[in-house]
Amino acid sequence: MPLFEFDNGTAKRIGQKEFSNEKELHELIDENLEEIFNLRYIKDEHITEKHGRIETLAIDEANRPAVIEYKKIKENGQLTQANRYITWVRQNPDSFELLVRKNIKNFEGEIDFSNPRIICFAQEFSIDDKCLALSLNAELWKYRYYENGN
């Protein structure tokens, strides 16, 4: 569906554009986590020994851990990756808490590991990811990137 900008009663179609790479998408969202997801940023590109590189770790207003996985294009297995990262959080609560306390000044309260959030951010999702999201209670966020003079 096209997007339009109206100026003095005149419609102007706003074109879509692409991120130059996944890192550009990742950085834009990380810089706006509170506004978009109501999350506090903890760390990006966190390397784990067995579970891979977690793109973004965050924590929500209820002190629930969150992992975010980004894809510039539709790709099978995005949610499987994110599930592997949340498994690391569940298996390593002490390490996660250290990251929180190191990276969020004045963090208060207990971390609620009972219901962590999985967030996947992409233009499209496979049918497999959509079905798995229902089982994992994961959030699938679709995006479009538009030109609008900014």
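1. Two strands are taken to pair if DSSP finds at least two bridges between them. Helices (H or I, at least four residues) and strands (E, at least two) are DSSP runs, numbered from the N terminus. In these terms, Ala122 stands opposite Lys142 in S7. The model is predicted: local features need pLDDT of at least 70, side-chain atom pairs count only at pLDDT 80 or more, and totals for chains, interfaces and linings use all residues. Residues are numbered from 1 along each chain as its sequence is written, and side-chain values use heavy atoms, with hydrogens and water left out.

2. The sheet. An open sheet is formed by 5 strands in the order S3-S4-S5-S6-S7, with mixed pairing. Strand S3 (39-47) and strand S7 (139-142) stand at the edges with a single partner strand each, so one side of each has no neighbour in the sheet. From one strand to the next, the twist averages 25 degrees; axes are lines fitted to C-alpha atoms, for helices over the stretch in contact, and angles run from 0 to 180 degrees between N-to-C directions.

3. The S3 side. S3 and S4 are antiparallel and are joined over 7 bridges; Arg40 has Ile59 in S4 as its bridge partner. Helix H4 packs on the sheet, where it touches S3, S4 and strand S5 (65-70), and its direction makes about 120 degrees with that of S3. Contact here means heavy atoms within 4.5 Å.

4. The S7 side. S5 and S6 run parallel and are joined by 5 bridges, and Ala66 stands opposite Arg117 in S6. S6 and S7 also pair in the parallel sense, over 4 bridges, with Trp141 in S7 as the bridge partner of Phe121. S6, helix H5 (residues 127-136) and S7 make a right-handed β-α-β unit; right-handed means that, with the strands pointing away from the viewer, the path from the first strand over the helix to the second runs clockwise.

5. Covering of S6. Of the 6 residues in S6, 6 are buried (under 20% relative accessible area; exposed is over 50%, partly exposed in between; 1.4 Å probe, protein chains only). Arg117, Ile119 and Phe121 point one way from this strand, and Ile118, Cys120 and Ala122 point the other way.

6. The largest nonpolar core. Such a core is a set of buried Ala, Val, Leu, Ile, Met, Phe, Trp, Tyr and Cys residues joined through side-chain atoms within 4.5 Å. The largest one has 23 residues, and Ile42, Leu57, Ile59, Val67, Phe96, Val100 and Ile118 touch the most other members. Strand S4 (53-60), helix H3 (78-91), helix H4 (93-103) and strand S6 (117-122) each supply at least two of its residues, and the largest share, 6 residues, comes from H3.

7. Phe96 and the second core. Not counting residues up to four places away in sequence, Phe96 touches Ile42, Leu57, Ala58, Ile59, Pro65, Trp88, Val89, Ile111 and Phe113. A second, separate core of 13 residues includes Phe19, Ala58, Ala66 and Tyr70.

8. After S7. Tyr143 lies in the segment that follows S7 and is buried, with a relative accessible area of 7%. Tyr143 and Glu124 are 19 residues apart in sequence and 8.1 Å apart in space, C-alpha to C-alpha.
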